[in-house]
Amino acid sequence: MQYQDIKTEVSENILTITLNRPERMNAFTLRMKDELIHALEAADSNDEVRAIIVTGAGKVFCAGMEMEPEDGGNLFGYDDAEGMDPPLELIRDSGGELSMAIYNCRKPVIGAINGAAVGVGITMTLPMDIRLVAENSKIGFVFTQRGITPEACSSWFLPRVVGRQKALEWVLSGDIFMAEEGVEAGLFHSAHDKGEVLDVARCMARKLIAKSSPVAVALARHMLWRNPELDHPMQAHVVESKMIYWSHTFWDGRDGFTAFLEKRAPRFETSLADVPKQFDFWPEPPLE
């Protein structure tokens, strides 16, 4: 895909994706959604990429949905030709499509939020594993003030990130708040000088991948996102028992313990292509 609304760069096994519409404050477009999903899926299949950083060009991270689509079509991309509403089973919000792509990605994803993040500009970051933010940035889940409801799976992610009470306060009021309040509530890992956010994100990414197995990171990431939603710890025990057996017997764990005993660096050589993307204990429900 020829990228227009984003740009990408791979360095030190880290893919940096930059929202690249600074003249429009990186407002979110359907093309941007398609490009982001393409970049994430390509990275997921690329063993050269160990971690992903998402940031914005210019002064802000993302000002929300582009309110003036270039093609003059429906703001949310629904096909309203001839005044016909789309079948309900075909409707998917664009932010939600992106959130699911991040959720399903097998690489750690870090948000380097370099300025204001509003609407989909903040909800798209909720499935990311770590969010770093520029000091004094304006943040807002502003949907109710526009007469619409939250999207991008944020009604699932946000209460899990900050708790239901804080999520309700932010979403029901639709008010803008400052990054520092987000740090206190756990929305962000930490706040930094605007010019340092991306560098801190790169340091964080290097920390996550420096000594770890790509396969073990991918599986552990999915376990920590999915297992807390299971009904009983016995279900987590089943998942963990299978995962540790498979990882030690067939994947990178084969050399991990041997290397420790031999006092040398392990050789993590398993490709993610050799590891299933889907397991029966984490079934994905149908879209209906």
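Modeller: A disulfide is counted where two cysteine sulfur atoms lie within 2.5 Å of each other. By that criterion this structure, which is a predicted model, holds zero disulfides. Cys62, for instance, is in no disulfide, and the nearest cysteine sulfur, belonging to Cys153, is 16 Å away.

Biologist: Is Cys62 buried or exposed?

Modeller: A residue counts as buried when its relative accessible area is under 20%, and as exposed when that area is over 50%. Cys62 has a relative accessible area of 0% and is therefore buried. Cys203, at 45% relative accessibility, falls in between and counts as partly exposed.

Biologist: Which strands pair with β6, and in what sense?

Modeller: Strand β6 covers residues 130–134 and runs parallel to β9, to which three bridges join it. Strand β4 (residues 109–113) also pairs with β6 in the parallel sense, over four bridges. Val133, in turn, faces Ala191 of β9.

Biologist: How many residues of β6 are buried?

Modeller: Five of the five are buried, so β6 is largely enclosed by the rest of the structure. The side chains can then be sorted by direction. Ile130, Leu132 and Ala134 point one way, Arg131 and Val133 point the other way, and all are buried.

Biologist: What is the strand order of the three-stranded sheet?

Modeller: That sheet is open as well, with the order β5-β7-β8 and mixed pairing. Strands β5 (117–118) and β8 (176–178) each have a single partner strand, so one side of each is left without a neighbour in the sheet. Two bridges join β5 to β7 (residues 138–140), and these two strands run parallel. Within this pairing, Ala117 has Ile139 in β7 as its bridge partner.

Biologist: How does one describe the packing of two helices?

Modeller: Two packed helices are described by the angle between their axes and the distance between the axes. Take helix α1 (residues 30–44) and helix α2 (residues 94–104): their axes come within 10 Å and cross at roughly 10°. An angle under 35 degrees counts as roughly parallel, and α1 is therefore roughly parallel to α2. The contact of α1 with α2 comprises seven nonpolar, two polar and three charged residues. Among the residues that meet are Leu36, Ile37 and Leu40 of α1, with Leu98, Ala101 and Ile102 among those of α2.

Biologist: How many residues of α2 are buried, and what covers them?

Modeller: Eight of the 11 residues of α2 are buried, so this helix is largely enclosed by the rest of the structure. The buried residues include Gly95, Gly96 and Tyr103. Their cover includes α1, β4, α3 (120–123), α4 (154–162) and α8 (214–226).

Biologist: What does Ala43 contact beyond its sequence neighbours?

Modeller: Ala43 lies in helix α1 and is buried, with a relative accessible area of 4%. Leaving aside neighbours within four places in sequence, Ala43 is in contact with Leu15, Val49, Ile52 and Lys107.

Biologist: At what angle do α9 and α10 cross?

Modeller: The axes of helix α9 (residues 233–249) and helix α10 (residues 253–261) cross at roughly 75° and come within 5 Å. Angles of 65 to 115 degrees count as roughly perpendicular, and α9 is therefore roughly perpendicular to α10. In this contact, Ser247, His248 and Thr249 of α9 meet Gly253, Arg254 and Phe257 of α10. By class, these are one nonpolar, four polar and one charged.

Terms used. Residues are numbered from 1 along each chain as its sequence is written. This is a predicted model: local features need pLDDT of at least 70, side-chain atom pairs count only at pLDDT 80 or more; totals for chains, interfaces and linings use all residues. Side-chain values use heavy atoms; hydrogens and water are left out. Two strands pair if DSSP finds at least two bridges between them. Axes are lines fitted to C-alpha atoms, for helices over the stretch in contact, and angles run from 0 to 180 degrees between N-to-C directions. Angles under 35 degrees count as roughly parallel, over 145 as roughly antiparallel, 65 to 115 as roughly perpendicular and the rest as oblique. Contact means heavy atoms within 4.5 Å. Ala, Val, Leu, Ile, Met, Phe, Trp, Tyr, Cys and Pro count as nonpolar, Asp, Glu, Lys and Arg as charged, and the others, Gly among them, as polar. Buried means under 20% relative accessible area, exposed over 50%, partly exposed in between (1.4 Å probe, protein chains only).
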